[in-house]
Amino acid sequence: MPSQKKKWVERYAKVGYAAKGIVYILVGALTAMAAIGIGGQKASNTDAFLQLKRLPGGGFLLGLLAAGLIGYSLWRFTQAILDTEDKGASTKAIGKRAAYAFSGFIYGSLAVVAFKIGLGSANNKKDGSREEMVITELLQKPFGKWLAIAIGLLTIGNGLYQLKKAITKSFMKEVKNLPPQSYHFLEKSGRAGFASRGIVFCIIGYLFVSAAWHQNPKEAEGTKGAFTFLQTSPFGSWILAAVSVGLIGYGIFMFVQAKYSDISID
């Protein structure tokens, strides 16, 4: 890949990390406000985009955010296709690269949603969550129930992986040359962020498995459903507030990755 083109991809990837950080900070802030009763709402990504659209120049801001999310999506696909981390062709490596590709698809879809909301062309009618629609489709197909359960278990597995990263602090390997005075703060932000993200993924996966097992698509929920699950547990509002603040921490860490991560295409 020509040097100039490589630089362009690397810079766009960094913008993508920052855009992802903004999404997590918006979702976390809105949900934290709702948890402690000072406004806000238990927010999905779409809810965060709608809140941003209400700001002066919101459509333009959403356009910039969507462009950034496309950058993150393209970087994930680049990691998957070009094997930028030299993971090789082992089963574990192929699984990791497939996860990168799946992440690219998810954030590419999120970029489309942001663009549509920014242009005012999104359909805000809520007939059910995206997860509910996926379960409904799967249950109509042979072996769809078991495929849906497998997807839920994979989501739980991803959640556990995020929790492992929080415990081991392995995420700190993803950033280089951090300022010494910022290291401990960013480490704590990252640990809170990856732990919160892991909890949310585990709950979403559990709800997906439950919906598939009971063949009841309405049980399947996304981020907002996970927040409701937390809030209805003992000490729910406090737990929800803690997880929401953790998601803000994850967003902050994405900004750190945007500046200090080793993004390169050899």
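Modeller: Happy to! Let's start at helix α5, whose buried residues are covered by, among others, α6 (144-168) and α7. Helices here are DSSP runs of H or I with at least four residues, while strands are E runs of at least two, and they are numbered from the N terminus. Covering is judged by contact, which is defined as heavy atoms within 4.5 Å.

Before going on, a word on the model: it is predicted, so local features need pLDDT of at least 70 and side-chain atom pairs count only at pLDDT 80 or more, whereas totals for chains, interfaces and linings use all residues. Residues are numbered from 1 along each chain as its sequence is written, and side-chain values use heavy atoms, leaving out hydrogens and water.

Helix α5 runs over residues 130-139, and its buried residues are Glu131, Glu132, Ile135 and Leu138. Buried means under 20% relative accessible area, exposed means over 50%, and partly exposed is in between, using a 1.4 Å probe and protein chains only. These four sit on the same side of α5, because they cover an arc of only 130 degrees around its axis. That arc is taken from the directions that lead from the helix axis to the C-beta atoms.

What about charges around here? Glu137 and Lys141 join their side chains in a salt bridge, 3.7 Å from N to O. The term stands for a side-chain nitrogen of Lys or Arg within 4 Å of a carboxyl oxygen of Asp or Glu. Glu137 is partly exposed at a relative accessible area of 45%, and Lys141 is also partly exposed, with 45%.

Lys165 is buried, with a relative accessible area of 9%, while Glu174 is partly exposed at 28%. In the loop between α6 and α7 you will find Lys169, which has a positive phi of about 60 degrees although it is not a glycine. Lys169 is partly exposed, with a relative accessible area of 32%. Gln215 counts as exposed, at 52% relative accessibility.

Now let's step inside. In soluble globular proteins, nonpolar side chains tend to be buried together. A nonpolar core is a set of buried Ala, Val, Leu, Ile, Met, Phe, Trp, Tyr and Cys residues joined through side-chain atoms within 4.5 Å. The largest such core in this model has 50 residues, and Tyr17, Val23, Phe49, Leu62, Leu65, Leu69 and Phe253 have the most contacts inside it. Two or more of its residues come from each of α1 (3-35), α2 (45-53), α3, α4 (91-119), α7 (180-213), α8 (223-231) and α9 (236-260). Helix α1 gives the most, with 10 residues. Phe49 shows how the parts meet: leaving aside residues up to four places away in sequence, Phe49 touches Val23, Leu62, Leu65, Leu69, Leu110, Val113, Ala114 and Ile117. Another core, of 9 residues, lies apart from the largest one and has Leu138, Ala148, Ala211 and Ala220 among its residues. Leu138 brings us back to α5, where it is one of the buried residues.

Ala35, found in helix α1, is buried, with a relative accessible area of 10%. Ala35 and Gln231 are 196 residues apart in sequence, yet 7.9 Å apart in space, C-alpha to C-alpha. Not counting residues up to four places away in sequence, Ala35 touches Gln231, Ser237, Leu240 and Ala241.

Finally, a search of the whole structure finds 5 salt bridges. One of them pairs Asp47 with Lys224, whose closest N and O atoms are 2.7 Å apart. This pair links distant parts of the chain, as Asp47 in helix α2 and Lys224 in helix α8 are 177 residues apart. Asp47 counts as buried, at 4% relative accessibility, whereas Lys224 is partly exposed, with a relative accessible area of 28%.
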